[in-house]
Amino acid sequence: MTARIIDGAALSEQIRAEVAQRAASLTARGITPGLAVVLVGENAASQVYVRNKVKACEKAGMHSVLEQFPASMTEEELLARVNALNEDPSIHGILVQLPLPAHIDAHRVIETIAPEKDVDGFHISNAGLLMTGQPLFRPCTPYGVMKMLESEQVPLRGAEAVIVGASNIVGKPMAMLLLAAGATVTLCNSKTRDLGAQTRRADVLVVATGKAGIVTGDMVKPGAVVIDVGINRGEDGKLCGDVDFASAKLVAGAITPVPGGVGPMTIAMLLVNTIEAAERALAGAAAQA
Ligand SMILES: Nc1nc2c(c(=O)[nH]1)N[C@@H](CN(C=O)c1ccc(C(=O)N[C@@H](CCC(=O)O)C(=O)O)cc1)CN2
């Protein structure tokens, strides 16, 4: 058996086209959705991601601002920039690209973003809302994974979902979204004993560890849906995921590639969250008038 390839690039194009229509309709009503992307430091991968985010906004007819600062920027200076963006009415979404330089407390920065502009969904109040089943913004990567599962019509009610990696930005919110969809969720971490025993139970397996090839074909249940969130640079210089694609695709029922899988969906869902923020701002303004 060879797995069906889940094409995140194609699905993200569809979602971005829908976003462009919503953006045009908002602009016609006098409000152009605006996203501010803040990058501190010279991380090469982050530079690519933020440029792609800004380009995607422009293509969808949205306003975007890229604020780039040297790694020497202080935490107080960054907090002041975030506060200024919180007050800027032309900006509906704010994201601070991660990782931040080690001298800056990422938690403090994220907690400074106004929750109603936190289009990454990382603010503690947005994490709490997601956990209690009342999401305002769903974090973009897990939200994109849910859209991929939906487009593939993967049954989630009662399914065994296993997530490898328990980060705040992917693993934990992924667990909340799968739980809300009715899956039985197992969240594995670096201390998990016999990882293969867990992953082999999974009808839906999501891998987000940042460790190339941590999941191999022998760790996949035949017919499972395998979602690879990892983006690593292999020894050959090419991008690869956390899943050993060559062996896993012979066992899985469906699998996401890297590149062209979850990555493009992350950017598409950022646009969706920004549109939603702008739509809420318009509704709020109308209610006050
Ligand atoms: N503030 C945030 N920081 C980070 C997030 C995030 O959601 N918010 N996620 C990741 C990085 N990330 C988004 O920022 C991201 C990673 C990868 C891609 C992507 O499209 N990847 C392509 C390959 C691109 C390449 O050539 O390198 C793919 O997989 O096809 C988009 C967004 C960490 N930081």
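Gly 165 touches Val 170, Gly 171, Val 207, Ala 208 and Thr 209, leaving aside residues up to four places away in sequence. That makes a handy way into this structure, which is a predicted model. Gly 165 sits in the loop that runs between strand 5 (160-164) and helix 7 (171-180). Is Gly 165 buried or exposed? Gly 165 is buried, because 23 other C-beta atoms lie within 10 Å and the cut-off for buried is 20 or more.

**The annotated binding site**

An unreviewed UniProt entry gives the annotation "binding site" to Gly 165, Ala 166, Ser 167 and Ile 231. Such annotations may be inferred rather than shown by experiment. Ile 231 belongs to another loop, the one between strand 8 (225-228) and strand 9 (232-233). Ile 231 is buried too, with 20 other C-beta atoms within 10 Å. Leaving aside residues up to four places away in sequence, Ile 231 touches Leu 239, Gly 241, Val 258 and Gly 263.

Four of the five residues of strand 5 are buried, so strand 5 is largely enclosed by the rest of the structure. Strand 5 pairs with strand 6 (residues 184-188) in the parallel sense, over five bridges. Within this pairing, Val 162 stands opposite Thr 186 in strand 6.

Which residues of helix 7 are buried? They are Gly 171, Pro 173, Met 174, Ala 175, Leu 177 and Leu 178. An α-helix has 3.6 residues a turn, so residues three or four places apart point the same way. The buried residues of helix 7 pack against helix 5 (124-131), helix 6, strand 5, strand 6 and strand 7 (204-207). After helix 7 comes Gly 182, whose phi is positive, near 95°.

**The annotated domain and its sheet**

For "domain: Tetrahydrofolate dehydrogenase/cyclohydrolase catalytic", the unreviewed UniProt entry lists residues 6-120. Over residues 6-120 the chain is 50% helix and 16% strand, and the end C-alpha atoms are 24 Å apart.

An open sheet of three strands has the order 3-2-4, with parallel pairing. Its edge strands are strand 3 (63-69) and strand 4 (93-96), each of which pairs on one side only. From one strand to the next, the twist averages 15°. Strand 2 (residues 34-40) and strand 3 pair in the parallel sense over seven bridges, and Gly 34 stands opposite His 63 in strand 3. Helix 2 (residues 44-59) lies across strand 2 and strand 3, and runs at about 170° to strand 2.

**The shell around the ligand**

If you are thinking about the ligand, here is its surroundings in brief. The ligand is surrounded by 19 residues, and the closest are Tyr 49, Leu 98, Pro 259, Gly 263 and Thr 266. Gly 263 has come up already, as one of the residues that Ile 231 touches. Helix 2, strand 4, helix 6 (140-151) and helix 10 (262-288) each supply at least two residues of the shell. Which element gives the most to the shell around the ligand? Helix 10 does, with four residues. By class, the shell has 13 nonpolar, five polar and one charged residues.

Ile 124 has its place in helix 5, and Ile 5 lies in strand 1 (residues 4-5). Leaving aside residues up to four places away in sequence, Ile 5 touches Ile 255 and Pro 257.

| Residue pair | Distance along the chain | C-alpha separation |
|---|---|---|
| Ile 124 and Lys 191 | 67 residues | 25 Å |
| Ile 5 and Arg 193 | 188 residues | 30 Å |

Notes. Residues are numbered from 1 along each chain as its sequence is written. This is a predicted model: local features need pLDDT of at least 70, side-chain atom pairs count only at pLDDT 80 or more; totals for chains, interfaces and linings use all residues. A residue is buried if 20 or more other C-beta atoms lie within 10 Å of its own, exposed if 12 or fewer, and partly exposed in between; C-beta atoms are placed from the backbone. Two residues are in contact if their C-beta atoms, placed from the backbone, lie within 7 Å. Two strands pair if DSSP finds at least two bridges between them. Axes are lines fitted to C-alpha atoms, for helices over the stretch in contact, and angles run from 0 to 180 degrees between N-to-C directions. A residue is near a molecule or strand if its C-beta atom, placed from the backbone, lies within 6 Å of it. Ala, Val, Leu, Ile, Met, Phe, Trp, Tyr, Cys and Pro count as nonpolar, Asp, Glu, Lys and Arg as charged, and the others, Gly among them, as polar.
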